[in-house]
Amino acid sequence: MTSPANVARENDTITTGFPVAGEPRFESIDAVRQGLASVDYLADEGIAGVVYLADRLAKPVLVEGPAGTGKTELAKSVARLTGSRLIRLQCYEGLDESKALYEWNYKKQLLRIQAGADQAWQELEEDIFSEEFLLARPLLEAIRSPDPVVLLIDEVDRVELETEALLLEILSEYQVSIPELGTVRATQIPLVFLTSNNTRELSEALKRRCLYLHIDYPQLDRERAIIETRVPGISAALADQVARIVRSLRTLELKKLPSVSETLDWARTLVVLGVESIDAERARETLNILLKYQTDIDRAAKELAGVERTD
Ligand SMILES: Nc1ncnc2c1ncn2[C@@H]1O[C@H](COP(=O)(O)OP(=O)(O)OP(=O)(O)O)[C@@H](O)[C@H]1O
Ligand SMILES: [Mg+2]
């Protein structure tokens, strides 16, 4: 599991105090925007600005917004851009310390105790609560990684309020306290992204530690550019039509508004079907790709028919 060299270095980090902030990763906000575009993530000024500041201030970013607007993809893209390893903690109800932070390897500890039956207990105890017997879960793994890391704590609103507390030490001090072992501090400060669909209010304590970024549905120009970037073979004219129709559908009172990922699915479908220009008929036939409730599909179909009549 852990190499001897690694153990030595980790023990050093336990004693050497605060992590030293690394070199800035980005020159400017514009460099972030261009860099993200080079890995096919089209950010607006607001998104790029927060990523830039997160690096400079060594602060985690809490990304909120509707489903499918590029929250998770942002963290992945920043990892690609900076050549960092992406470590992801997918949150869910019931997530606990042993799955998020670390857990002792009980089986291995038992074997060690059996093998050392004639050893003094104190000696054994010191041994079985050492690095060798620790199973690092994503948060600890991100903290003690010697290589650059982007830590993605995805869908943090799914964990219970009490579980959020597990994150606080990492988010403010980039360290993990292990009672039997000591405090493991980061050797390099990872870029941390937390995403939330806002299904419940997050604690003040968590919010205070983070920069806040709201990612909403993109403006027309950006969505059109996202379609052109992510859907190979689409014409500029069709991308424009798709972006406009989706935009108009988002003004309707729907149960679930179409997200960017659904826009992309729709655009890909149209390309596969060889559609060069969408009319209301074509749009209606494929609305099930874009919308996921029958009532929404009916409402959108009515709207599209109306648009065609007034055209
Ligand atoms: N700005 C963007 N540039 C390029 N692609 C994007 C952008 N925003 C969204 N996408 C596309 O939309 C897809 C969905 O994004 P993502 O999975 O990050 O959404 P999300 O906000 O995390 O949604 P959820 O809340 O459902 O998890 C991505 O795979 C990507 O293809
Ligand atoms: Mg997501």
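How do the residues of the shell around ligand 1 divide into nonpolar, polar and charged? The legends below take up this question first and then move to other views of the predicted model.

**Figure 1. The shell around ligand 1.** Seven nonpolar, seven polar and four charged residues make up the shell around ligand 1. There are 18 residues around the ligand, and those that come nearest are Ala67, Gly70, Lys71, Thr72 and Glu73. Helix H4 (71-82), helix H11 (220-230) and helix H13 (260-272) each contribute at least two residues to the shell. Both domain 1 (4-101 + 137-214) and domain 2 (220-310) take part, each with at least three residues of the shell.

**Figure 2. Domain 1 and domain 2.** The domain assignment of the protein gives domain 1, residues 4-101 + 137-214, and domain 2, residues 220-310. Taken over C-alpha atoms, the centres of domain 1 and domain 2 are 34 Å apart. Contact between the domains involves eight residues of domain 1 and 10 residues of domain 2. On the side of domain 1 that touches domain 2, three residues are nonpolar, three are polar and two are charged.

**Figure 3. The largest nonpolar core.** This core holds 78 residues, of which Val61, Leu139, Ile143, Ile153, Ile227, Val242 and Ala267 touch the most other members. Helix H12 (residues 236-249) gives the most to the core, namely seven residues. At least three residues of the core come from each of domain 1 (4-101 + 137-214) and domain 2 (220-310). In soluble globular proteins, nonpolar side chains tend to be buried together.

**Figure 4. Surroundings of Ile227.** Ile227 is one of the core residues that touch the most other members. Leaving out residues up to four places away in sequence, Ile227 touches Ile234, Ala239, Val242, Ala243, Thr263, Leu264 and Ala267. Two of these, Val242 and Ala267, are likewise listed among the core residues that touch the most other members.

**Figure 5. Val272 in helix H13.** Val272 lies in helix H13. Val272 counts as exposed because it has 9 C-beta neighbours inside 10 Å, and the cut-off for exposed is 12 or fewer. Val272 and Arg88 are 184 residues apart along the chain, and their C-alpha atoms are separated by 33 Å.

**Figure 6. Confidence along the chain.** The protein has an average pLDDT of 90, and 92% of the residues score at least 70. Residues 1-20 have a pLDDT below 50, and this stretch has 22 contacts in the model beyond near neighbours in sequence. Where pLDDT is low, the predicted coordinates should not be read in detail.

Key: Residues are numbered from 1 along each chain as its sequence is written. Chains are lettered from A and ligands numbered from 1 in the order in which they are written. This is a predicted model: local features need pLDDT of at least 70, side-chain atom pairs count only at pLDDT 80 or more; totals for chains, interfaces and linings use all residues. A residue is near a molecule or strand if its C-beta atom, placed from the backbone, lies within 6 Å of it. Helices (H or I, at least four residues) and strands (E, at least two) are DSSP runs, numbered from the N terminus. Ala, Val, Leu, Ile, Met, Phe, Trp, Tyr, Cys and Pro count as nonpolar, Asp, Glu, Lys and Arg as charged, and the others, Gly among them, as polar. Domain bounds come from an automatic or database domain assignment. A residue is buried if 20 or more other C-beta atoms lie within 10 Å of its own, exposed if 12 or fewer, and partly exposed in between; C-beta atoms are placed from the backbone. Two residues are in contact if their C-beta atoms, placed from the backbone, lie within 7 Å. A nonpolar core is a set of buried Ala, Val, Leu, Ile, Met, Phe, Trp, Tyr and Cys residues joined through C-beta atoms within 7 Å. pLDDT is the predictor's confidence in each residue, from 0 to 100.
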